Each structure stands twice: as structure tokens, then as C-alpha cells.
Amino acid sequence: MTNKDGLLANAVNLKPIHTQRASEAIYDQIKDMILSGQLKPGDRLPSERNMMDMLQRSRPTIREALRMLERAGFIRTIAGSNGAIIQEPNTKGVEQSLEAMLQSSQITLEKMSEYRSLNDVAIAGWAAERRTDEDLEALDVLLAHAEATVDNYEDFILIDPQFHGLLAKASKNEVAYIMTQVFSKLLINMMHTRMEPMTTPERIDMCMGILKMHKDVVEAIRAKDVSAAEDAMRYHVHAFLVDLRATY
């Protein structure tokens, strides 16, 4: 329950900030309250005026902290509303950090592929062990959609994170699902950069190759063949690395 200033009763008790980097300290304080569960999705932060009183800081400092929280995906601000709203946890901030590190060469394509050779291969094996009929149905529907878009690479590459996301769901490992979402979305930009300068026949060939590898993974999962699923994914990750080396 909130009062007229948007203050959550017994939920928000912000402490005054006494530091030169006040906006970062405010960001950390609110972030910790969100991660600990003290603030939950849908809860509303106090108004800017109330936060100024609680934290004993100026409006620009408060607004900078709120911008940092919004960029990281922790809150959503609405113009004219009284207090920002806590968001469901997401991977937006992690994705942005990884993409920045990749672009600055702090993470190489080889290192990322090395990680995926463990993460994605394990997921394929788990999915072969744990998948349900509903998982297979969702994968079959997505593969049919992918096959219908092989002549439109921009649509096709958007399906890739969905495919790997469904595999991670079939693995029944929540941590794997989160990490897969981060990496698969990051790879969309890399695939687009690689395929944009290609000719239309080259793009179709590459899309068909990816689709064939995806189908091989699913067929192994359908058969509950753990070793075959892992081998098919291992081949897919290696082929993806080879395809992208020409660009990165």
C-alpha cells in the first residue's frame, strides 16, 4: 500500500548519503533493496521530493541515480507520475555490459564460443534428458516458422535466441535459461553484421545451414539421445564460430 507521495509503508527506509559519488551510493542502496526482495516488482519508490528529504541530496543527484536504475532495468519511470515503479528482474544490464566488452575486445569471439561450447552443449544434453512433449511441440512450431523465413535473414536471425531459449527451458535449469538469454540476444547483432554484406543466395545458404543444425539438435532431443544432442550442439557452436571469424 502506498501513501499519497507514492511511499511504500514499512518498505522503503532510505538512509542519508554522505559521499562525493552520491548518485552511485543511492543506486547501490536501492538496487540492494530490490535484489534482497525488500522492494518487489510493481512497488513504487517514494516521490523525488520525499527521496530528497530521506537522502538529504539534491534533485539532480536523485534523478541521476534513478536514470542509472532505469538503464540497468531495475525501475521504470513514467512522466508525470509520482514515483518510479520497480520492474521484474531482467538481463538488460548484463547484455549491455557484455556487448560493450565484446566491442572493446575485452571478450573475444573465441572466448565466448569457448564458454558456449560448455553452456550450450550442457543445455542440449539436459534437454534430451528432461524435455516434455510440450517442449518438443514448441520447438517444432519454431522450426517451422524459421523454415518459412530463410529467405528473409533479418527475420530469421531473430528466431535464433528464441530457439536457444526454448532449449534452455527444456533443460529445466533456470540459471542456464538466464545465461542463454544474455548470450543469444547478444549474438543477434553479430549475425546481422556478418550477413548484411552477403548476397541474397549466400544469406539463404547460411540460414539453411543454421536451420539444419537446429533440426539435428531437436531430433536428438526428441530421441532422448544425450550424447547425440551434445554432439549436434557442439558442432553447431563450432560452425557458428567459423562463420563469424570472417567478420570479428
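## Helix α2 and its two sides

Arg 49 and Asp 53 are exposed on the other side of α2, facing away from the residues treated next. Exposed means over 50% relative accessible area, buried under 20%, and partly exposed in between, with a 1.4 Å probe and protein chains only. Buried in α2 (residues 48–55) are Asn 50, Met 51, Met 54 and Leu 55. These four cover an arc of only 115° around the axis, so they sit on the same side of α2. The arc is taken from the directions from the helix axis to the C-beta atoms. The buried residues pack against α1 (22–35) and α3 (59–71). Contact here means heavy atoms within 4.5 Å. Just after α2, Gln 56 takes a positive phi of about 60°.

## Basis of the model

The model is predicted: local features need pLDDT of at least 70, side-chain atom pairs count only at pLDDT 80 or more, and totals for chains, interfaces and linings use all residues. Residues are numbered from 1 along each chain as its sequence is written, and side-chain values use heavy atoms, with hydrogens and water left out.

## The chain overall

The protein chain has ten helices and two strands. Their order from the N terminus is α-α-α-β-β-α-α-α-α-α-α-α. Helices (H or I, at least four residues) and strands (E, at least two) are DSSP runs, numbered from the N terminus. Of the 248 residues in the protein chain, 45% are buried. Among contacts with a separation of 6 or more, 69% join residues 24 or more positions apart.

Two packed helices are described by the angle between their axes and the distance between the axes. Axes are lines fitted to C-alpha atoms, for helices over the stretch in contact, and angles run from 0 to 180 degrees between N-to-C directions.

Helix α7 (residues 153–171) meets helix α9 (residues 200–222) with axes within 11 Å, crossing at roughly 15°. The two are therefore roughly parallel; that label covers angles under 35 degrees, while over 145 is roughly antiparallel, 65 to 115 roughly perpendicular and the rest oblique. On the α7 side the contact includes Tyr 153, Phe 156 and Phe 163. On the α9 side it includes Cys 207, Ile 210 and Val 217. The residues of this α7 and α9 contact divide into ten nonpolar, two polar and two charged. Nonpolar covers Ala, Val, Leu, Ile, Met, Phe, Trp, Tyr, Cys and Pro; charged covers Asp, Glu, Lys and Arg; the others, Gly among them, are polar.

Helix α6 (residues 133–147) also packs with α9, at about 165° and with axes 11 Å apart. The pair is therefore roughly antiparallel. Leu 136, Leu 139 and Asp 140 are among the α6 residues in this contact. Lys 215 and Arg 222 are among those from α9. The contact of α6 with α9 divides into seven nonpolar, one polar and four charged residues.

Most residues other than glycine have a negative phi, and most peptide bonds are trans.
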